[in-house]
Amino acid sequence: MRIRGFFLFRRFGLPAFIVLLLLFALVLMSLRAKQRGGVEFFDALLMEICSPFQKAATFTVKTVQGTFRQYVFLVNLEKENRVLKQKIAELQEENHRMKEMKLTNERMRQLLQFREKNSPFMIGAEVIGQDPSSWFKSVTIDKGEGDGVKKGMAVILPTGVIGQVLKTAPHYATVLLVTDYNSAIACIVQRTRAKAILEGIGENRCQLKYLLRADEAAVGDVVVTSGLGGNFPKGLRVGEIKKIDKRGHGVFQYAELVPSVDLTQLEEVFVIMEPMSPAQPQEEKGKRGKKIKK
Amino acid sequence: MKRVVLPLLLGVFLLILQTTWLRFFPIHRVRPDILLIFTLYLGLSFPPVSGGILAFLMGYLMDLFSGNALGFYALSRPLVFFAAQFFRERFYLEGFYSKFLFAFIYAVLEGLLIFLLMNALHPSPLGGLYPLLLTSLLPQSFFTALVTPPLFFLFQIGSSFLFRQPEKGIMEKV
């Protein structure tokens, strides 16, 4: 019997392993869909291990890039001008650093003013990585559960909405950008107060769904958050309508929108730590378990 | 042990490369997927069990750092690995063009699989995704395939330092 069992194992061991591995991946997908705690624990653990390296790599890239832009291109100069050019390079480097400091200072002042004006319950975070896949749109930030960041929290900039926290680890978190297909935020058209749901369609574009055909909306209209759902403060700029589409004879019209923030150039962001109004209903898209659990 | 841990560390390094350095690639939508290339290399040169587990872990790590909440890559990467294993004897993989074609086909097929899964599991139709098949999937697959031959060459050099039979990824050097 043992010999037969061994023979069967030898014969079917590899196919069984392949099937088991793929089944395991499917079970994992199912557990993720149900938001089970065990999977999240492993996610957080692995993220915690990998993210410091990611942070270090980003730092290296930024340093090398800065040096490359301001210095290395100036190295190969004619010999007779070397001293002068060196001096120029040093001055340029100094100038660059000053400019960079000035820009950072201005940016920080804007962020601080924004924070004081809108909500004191915000923390700043640095973007340390982008989505490894081209199908999904997310970034990794250097703040996590240890800093009070939780799933579903809003991530913004003074210029507009960035997205919401999707996964968390003790010191890092993944932010789902508004341009991702899985993102959905309640919005209103600023001029006409028409309500709609903002969904991502990738490539730095979004669309407004469930915008009633009877509601007025035009190209160039600014769209802001409605505040429904409690995660995003009301009135934050989301983007500008670029195209209106009244498909067929349905109840709704659709609008394509360009986000007000360039989501490919993110460096620092704000995470809103406090829900804006907990009593308000949960945000949109209450369909087949797709929505991110808040 | 070495044949699992070292490739895993290399995979983590490639993932970090993909999420940080490659963001400075001039055209965002055509960033090559170097983790896919690594998975293909595993499929061509590693045994099914350790390679399968490595491919799964690569997919899991991809999911972890992406906005993909369900974990499609933990499924697609082992599938890519086993498909590469299955077809490795049927493909002539010596020249540049054959490696290019091999990687291009797998990149397109994996993209289509992700696309199908996204459509199947999304509550509403994702009409906006269809244009991406042409504007994003094909160019990205092309660039991934373009980078594949030199990366395969580098992986082979690395393997020859680590293994006695680098083409099989086995027999650790003492």
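Which residue of β10(A) stands opposite Val223(A)? In this predicted model, Val223(A) faces Gly239(A) in β10(A). Local features were required to reach a pLDDT of at least 70, and side-chain atom pairs were counted only at pLDDT 80 or more, whereas totals for chains, interfaces and linings use all residues; side-chain values rest on heavy atoms, with hydrogens and water left out. Residues are numbered from 1 along each chain as its sequence is written, and chains are lettered from A and ligands numbered from 1 in the order in which they are written.

The pairing of Val223(A) with Gly239(A) belongs to a closed barrel of six strands in chain A, ordered β6-β7-β8-β11-β10-β9 and paired in the antiparallel sense. Strands (E, at least two residues) and helices (H or I, at least four) are DSSP runs numbered from the N terminus, and two strands are taken to pair if DSSP finds at least two bridges between them. On average, neighbouring strands of this sheet are turned by 40 degrees against each other, direction ignored; axes are lines fitted to C-alpha atoms, for helices over the stretch in contact, and angles run from 0 to 180 degrees between N-to-C directions. Strand β9 (residues 222-225) is joined by three bridges to antiparallel β6 (residues 184-189), and three bridges also join β9(A) to antiparallel β10 (residues 237-245). Val223(A) is the bridge partner of Val189(A).

Three bridges connect β1 (residues 122-130) with antiparallel β2 (residues 138-141) in chain A, and Gln130(A) has Val139(A) as its partner in β2(A).

The contact between the chains (heavy atoms within 4.5 Å) takes 53 residues from chain A and 51 residues from chain B. The two chains bury about 4,800 Å² between them, 69% of it on carbon and sulfur atoms, where buried area is the accessible area (1.4 Å probe) lost on putting two parts together, summed over both. In chain A, the greatest losses to chain B fall on Met29(A), Pro132(A) and Trp135(A), together 16% of what that side buries.

Trp135(A) is also among the residues nearest the centre of the largest cavity, with Asp33(B), Ala107(B), Glu110(B) and Gln140(B); 15 residues line this cavity. Elements giving two or more residues to the lining are α4 (73-87), α5 (96-121) and α6 (130-162) of chain B. The lining divides into six nonpolar, six polar and three charged residues. The space in this cavity is about 120 Å³.

Definitions and conventions:
1 Å grid on protein atoms, 1.4 Å probe; cavity = no way out; pocket = protein on both sides within 12 Å on 5 of 7 lines; lining within 4 Å. Points joined across faces, edges and corners; volume = space filled by probe spheres on them. Nonpolar A, V, L, I, M, F, W, Y, C, P; charged D, E, K, R; others polar.
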